[in-house]
Amino acid sequence: MTINLKVRPGVSSGFSIFARMKTFKIIAFLFAIIVTQQAAAQKLTLYKTFGGVVFMLNDSVELSTKQVSTFMFQNQQAYEEFKKARSRATISSVMGFTGAAMVAVPLVTVAFGGDGDWVLAGGGAALLVGSAFFNRWFKARAVYAVDLYNASLPQKTSRIKPEFYFYGTGARLVIKF
């Protein structure tokens with residue numbers, strides 16, 4: 001059995017092109033939905049370290065305090081709290097550096113055989129202690145600001161979990177329910 005398909009002049013046989021374009025538009029739409037969901041729900045995490053804190057975005061990307069500040073700009077209350085925290089961090093840094101320098105000067109003088117000014121070292125030690133308190137206040141305010149920011153994020157209630165994988169020269173979209 002043979003089937004002869006004749007194409008009439010003036011009629012396009014480009015139906016397959018339109019079908020491919022429609023499929024491409026659907027895939028592009030689904031990809032856009034996935035990207036916007038992930039971009040909208042970027043959770044900040046704060047990890048305390050010995051001397052300060054480390055900010056993480058979605059537990060994968062480390063952020064600086066300026067980058068965290070730009071993220072928090074969307075939530076005005078969290079942003080104001082974080083600005084206060086940053087001011088405490090600045091004060092702590094200045095006091096710590098000045099105190100360390102004031103302690104180091106008499107120690108270096110004594111190391112080279114001179115007579116050190118121990119009142120200067122005592123003042124430096126007092127600045128170092130004050131710096132530690134400002135650092136603790138910075139950490140407390142930063143934790144509060146991050147909590148405020150994360151509380152304002154939309155909670156995921158959808159059970160649909162789309163994932164987009166790239167491999168070799170192709171890609172795969174997996175939608176889990």
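**Aromatic pairs, sheet and core: how the terms apply**

Guide: Helix α4 holds both F134 and W137, three residues apart, about one turn of the helix. This is a predicted model, in which local features need pLDDT of at least 70 and side-chain atom pairs count only at pLDDT 80 or more, while totals for chains, interfaces and linings use all residues. Residues are numbered from 1 along each chain as its sequence is written, and side-chain values use heavy atoms, with hydrogens and water left out.

Visitor: Why do F134 and W137 count as an aromatic pair, and of what kind?

Guide: Rings of Phe, Tyr and Trp (its six-membered ring) pair if their centres lie within 6.5 Å; planes under 30 degrees apart are stacked, over 60 edge-to-face, and the rest tilted. For F134 and W137 the values are 5.0 Å centre to centre and 80° between the planes, so by both limits this is an edge-to-face pair. The structure holds three aromatic pairs.

Visitor: How do you know which kind of pair F73 and Y79 form?

Guide: Their ring centres are 5.1 Å apart and their planes stand at 85°, so the pair is edge-to-face.

Visitor: Are F73 and Y79 buried or exposed, and what decides that?

Guide: Buried means under 20% relative accessible area, exposed over 50%, and partly exposed in between (1.4 Å probe, protein chains only). F73 has 53%, so F73 is exposed. Y79 has 17%, so Y79 is buried. W137, at 47%, falls between the limits and is therefore partly exposed. Of the 177 residues of the protein chain, 25% count as buried.

Visitor: Why is A132 called partly exposed?

Guide: A132 has a relative accessibility of 42%, so the term applies.

Visitor: What makes β4 and β5 a pair?

Guide: β4 (residues 161-167) and β5 (residues 170-176) are joined by seven antiparallel bridges, one of which links Y167 to G170. The two strands form a hairpin with two residues between them, and G168 in the turn has a positive phi of about 55°.

Visitor: What does T45 touch, and why is T45 called buried?

Guide: Contact means heavy atoms within 4.5 Å. Not counting residues up to four places away in sequence, T45 touches V54, F55, M56 and D59. T45 lies in strand β1, and its relative accessibility is 16%, so T45 counts as buried. With the neighbours within four places left aside, the contacts of F55 include T45, V61, V68, F82 and V146.

Visitor: What makes a set of residues a nonpolar core, and which members touch the most others in the largest one?

Guide: A nonpolar core is a set of buried Ala, Val, Leu, Ile, Met, Phe, Trp, Tyr and Cys residues joined through side-chain atoms within 4.5 Å. The largest has 21 residues, and L44, F55 and M72 touch the most other members. β1, β2, α2, α3 (76-111) and α4 each supply at least two of its residues, and α4 gives the largest share, six residues. In soluble globular proteins, nonpolar side chains tend to be buried together.

Definitions and conventions. Helix = DSSP H or I, 4+ residues; strand = E, 2+ residues; numbered from the N terminus. Pairing = 2+ DSSP bridges.
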